[in-house]
Amino acid sequence: MNAAISLAYGLGDLFVKPIPIWGQVWILLLPLCLGVAIVYKAIRVREMRQLPKAAIGVFFWILLGMIGAAAALLLIVWLAGR
Amino acid sequence: MAWSAEAYVEKSPAVPAPLIALAGWVLPGAGYWLLGQKSRALVVGITIICIWIMGLLIGGVRVIEVPKFNDQGQYIGPPEFRVNPANRQQAMRVGGATLIEELRDKPWSIAQVMIGPVAVVSGGLSIYAARPADPAISSEPRAPIPHARMWEIPVLYTAVAGMLNLIVLIDAAHRARHRESGV
């Protein structure tokens, strides 16, 4: 019983404190992009067996778009700083 | 591949589109389930709920800001006015806020609530975590509010989860409508 209560408190604690990933926040882009790609393609595909391939394709397109946007913003900042 | 309504007409009882939309709001993916598209329902529902839970794991439950409740988890009442002592013909606002003002301050809560009762329960937990464990001893809340990126990113996660569920329930209702009209 005590172990179950401790486990519940431990799991609850996960939802109380922010995870310590300062400096590595870019990693958090990946699960969000994957989630968006899966849901978007789950709506669009005719047969669900087409989903994994289609979702991975969209996932990489989103990442490519994000990298492109980051590069463009970096260029603007660099040009503004000259 | 382009979406085609006739590809989705399956052998399951016709359910009215508003009911499909409501079911999709109550539980992500439930709209597709009622249409007989169970694998689509599971994939969409599990993914959306996982995005939501990841948001809460990243920043903690206090990233959910409930309109009409302040940082200490106390209810914000309607606007209160008092007579301005300097000018007796003028009313002076001394506190409170309307729901519209609160939604203007926390617009992401509109996107978050699209995920349904999950957002309501998370909001309740956020209010609980905002209150001190024992007000007689300390005014410290049970859980702190995350700051900077650790606040922005989870809010993005939860708002995206809500907006994805909105897209999903619109799509499910659209399919139900096509089935009703026999397209």
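**View 1. The second largest pocket is lined by residues of chain B.** This is a predicted model: local features need pLDDT of at least 70, side-chain atom pairs count only at pLDDT 80 or more, and totals for chains, interfaces and linings use all residues. Side-chain values use heavy atoms, with hydrogens and water left out, residues are numbered from 1 along each chain as its sequence is written, and chains are lettered from A and ligands numbered from 1 in the order in which they are written.

Around this pocket you will find B:Ile64, B:Glu65, B:Val66, B:Pro67, B:Leu103, B:Ser109, B:Ile110, B:Gln112, B:Val113, B:Ala119, B:Val120 and B:Gly123. On a 1 Å grid over the protein atoms alone, a pocket is an open set of points with protein on both sides within 12 Å along at least five of seven lines, while a cavity is a set of points where a 1.4 Å probe fits but cannot get out; lining residues have an atom within 4 Å of a point. The space here comes to about 190 Å³, where a volume is the space filled by probe spheres set on the points, and grid points are joined across faces, edges and corners. Helices α5 (108–112) and α6 (117–130) of chain B each bring at least two residues to the lining; helices (H or I, at least four residues) are DSSP runs, numbered from the N terminus. Eight lining residues are nonpolar, three polar and one charged. In this grouping, Ala, Val, Leu, Ile, Met, Phe, Trp, Tyr, Cys and Pro count as nonpolar, Asp, Glu, Lys and Arg as charged, and the others, Gly among them, as polar.

**View 2. The largest pocket is lined by helices of both chains.** Its volume is about 310 Å³. Of its 15 lining residues, A:Leu28, A:Leu29, A:Leu32, B:Ile153 and B:Leu156 are the closest to the centre. At least two residues each come from α2 and α3 (51–80) of chain A and from α7 (149–181) of chain B, and α7(B) gives the most, with six. The lining holds 13 nonpolar and two charged residues, but no polar ones.

**View 3. Here chain A meets chain B.** In this view, 25 residues of chain A are in contact with 38 residues of chain B, contact meaning heavy atoms within 4.5 Å. A:Phe15, A:Ile43 and A:Arg46 supply 26% of the area that chain A buries against chain B, more than any other three residues. Buried area is the accessible area (1.4 Å probe) that two parts lose on being put together, summed over both; for this pair it is about 2,600 Å², 73% of it on carbon and sulfur atoms. Helix α2 (residues 29–44) of chain A brings the largest share of chain A's side, 10 residues. By class, that side has 19 nonpolar, two polar and four charged residues.

**View 4. The largest cavity has a volume of about 130 Å³.** Its lining has 13 residues, and B:Arg62, B:Ile64, B:Glu65, B:Val66 and B:Asn70 lie nearest the centre. Six of the lining residues are nonpolar, three polar and four charged.

**View 5. The second largest cavity has a volume of about 30 Å³.** Among its lining residues are B:Gly24, B:Pro28, B:Tyr32, B:Asn165 and B:Leu169. Helices α2 (30–34) and α7 of chain B each supply at least two of the residues, with α7(B) giving the most, four. The lining divides into six nonpolar and four polar residues, with no charged ones.
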